[in-house]
Amino acid sequence: MSRPSTSDPSLGSEPAARRGRDTWTAALTRWVEGLVPKGQWLPDRQPVYVASWIYVFGVACLASLVVIIASGLVLTLGGVTWWHSSTVGHFFNSVHLWSVELFFATMVIHLWGKFFMASWRGNRGLTWATGALAFFGSLGTAFTGYLIQTNFDSQWISTQAKDGLNAAGIGAYFNVMNLGQMVLWHVSLLPLVVGGIVAVHIVLVRRRGVAPPIGAADPTTSLPAPDPEATLGAPAPEGRRTESASVRTVGSSQGPGA
Amino acid sequence: MSRGTGGWGPTPDSHAFPTRRYDLVKEFVIALGVVTVLCVVAALVFSSPDEPAIS
């Protein structure tokens, strides 16, 4: 196969500067590449202050979500009542339940940790808001899970919820006693909504970076210029500071992910 | 109180701070392993409630 040359007649008289830059595909590529700063999609370094176990609960929450989805997919294989009659089904229902428990436990710890760090500072309001939306979306998803157990628990919960939702004036828009509707909400609609919000949340975290501690001074104005001889490891993103040997010694001996 | 900063004062750019090694993928894989083990153990020990339907 030969590579197209610049004399390819199919390119016609198109100016070289415009070629391939004004297409929708090129625009989408530029948009995706510009979502986060260069080198920040999956960096192998973090600011020195990210050396506390509190930062683990976000990723633990994400890991719990993976287990929830995996165990939920197994449950879809046998149908909505499978777990009542199958030992294997009951086991995976239990894994699904406990992964949800861990998901909410780690999410709430993550939420409170970020609350007390005021992590919405530094133009991170949307990161905080998408996290809150993910929390409320997860509540709805979990609630529909309770509704599709096809046992006395779901009968009781759905009839009580029906009265509450009717009293709130929104009972006409969906029916929590409609098993088919709630199954589809639980396994399709709401997971897609929550998954989308979580994806946006993660992109925003990568875009803005982890919020510095409250009261932290700007290192570009409060620290002496870095000694080029002491710089170790991979270079920081363009225009950013690199670490010093002393920072590396302190940072690599504590906290998770080191 | 600094105006426009919610009273926290200006927040420096996180990318301006010195960095340390941090293996995000390793952290996620270990978290996934720990969470999976915890869920399986809890499922085996505590199971999940299943009261029969009344209709």
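## Chain A at a glance

How many helices and strands are there in chain A? Chain A has 9 helices and 1 strand. One thing to keep in mind from the start is that this is a predicted model.

If you follow chain A along its sequence, the pattern reads α-β-α-α-α-α-α-α-α-α. Chain A has 258 residues, and 28% of them are buried. Now think about contacts in chain A between residues at least 6 apart in sequence: 67% of these join residues at least 24 apart.

## Two helices side by side in chain A

Let's zoom in on a pair of helices. Helix 4 of chain A covers residues 87–116, and helix 5 of chain A covers residues 125–147. Their axes come within 11 Å and cross at roughly 155°. Angles over 145 degrees count as roughly antiparallel, so helix 4 of chain A and helix 5 of chain A are roughly antiparallel to each other. Their crossing is left-handed.

Which residues of helix 4 of chain A meet helix 5 of chain A? They are Val100(A), Met107(A) and Leu111(A). On the helix 5 side, look for Gly131(A), Phe135(A), Ser138(A) and Ala142(A). Sorted by class, the residues of this contact are 5 nonpolar and 2 polar, with no charged ones.

Chain B has 1 helix and 1 strand. Of its 55 residues, 22% count as buried. Its C-alpha trace spans about 60 × 35 × 15 Å along the principal axes.

What is the radius of gyration of chain B? The value is 23 Å, while a compact globule of 55 residues would have one near 10 Å.

## Where the chains touch

The contact between them takes 58 residues from chain A and 35 residues from chain B. On the side of chain A that touches chain B, several elements each supply at least two residues, among them strand 1 (45–47), helix 2 (56–78) and helix 6 (152–167) of chain A. Helix 4 of chain A gives the most, with 9 residues. The chain A side divides into 32 nonpolar, 17 polar and 9 charged residues.

The crossing here is right-handed. From helix 4 of chain A, the contact uses Phe91(A), Ser94(A), Val95(A), Trp98(A), Ser99(A) and Leu102(A). From helix 1 of chain B come Val35(B), Leu38(B), Cys39(B), Val40(B), Ala42(B) and Ala43(B). By class, that gives 10 nonpolar residues, 2 polar ones and no charged ones.

Start with Trp8(B), which sits in the segment before strand 1 (19–21) of chain B. Trp8(B) and Val45(B) are 37 residues apart along the chain, and their C-alpha atoms are separated by 47 Å.

Over in chain A, Trp82(A) lies in helix 3 (residues 82–85). Trp82(A) counts as partly exposed because it has 18 C-beta neighbours inside 10 Å. From Trp82(A) to Asp22(A) is 60 residues in sequence and 53 Å in space, C-alpha to C-alpha.

## Two backbone angles to check

Which value does phi take in Thr150(A)? Thr150(A) has a positive phi of about 50°, although it is not a glycine. You'll find Thr150(A) in the loop between helix 5 and helix 6 of chain A. With 18 other C-beta atoms within 10 Å, Thr150(A) is partly exposed.

Chain B has a residue to check as well: Ser47(B), with a positive phi near 55°. Ser47(B) lies in the segment after helix 1 of chain B. Its 14 C-beta neighbours inside 10 Å make Ser47(B) partly exposed.

Note on methods:
Residues are numbered from 1 along each chain as its sequence is written. Chains are lettered from A and ligands numbered from 1 in the order in which they are written. This is a predicted model: local features need pLDDT of at least 70, side-chain atom pairs count only at pLDDT 80 or more; totals for chains, interfaces and linings use all residues. Axes are lines fitted to C-alpha atoms, for helices over the stretch in contact, and angles run from 0 to 180 degrees between N-to-C directions. Helices (H or I, at least four residues) and strands (E, at least two) are DSSP runs, numbered from the N terminus. Angles under 35 degrees count as roughly parallel, over 145 as roughly antiparallel, 65 to 115 as roughly perpendicular and the rest as oblique. A crossing is left-handed if the near helix is turned anticlockwise from the far one by less than a right angle, and right-handed if clockwise. Two residues are in contact if their C-beta atoms, placed from the backbone, lie within 7 Å. Ala, Val, Leu, Ile, Met, Phe, Trp, Tyr, Cys and Pro count as nonpolar, Asp, Glu, Lys and Arg as charged, and the others, Gly among them, as polar. The radius of gyration is taken over C-alpha atoms; the globule rule is 2.2 Å times the number of residues to the power 0.38. A residue is buried if 20 or more other C-beta atoms lie within 10 Å of its own, exposed if 12 or fewer, and partly exposed in between; C-beta atoms are placed from the backbone.
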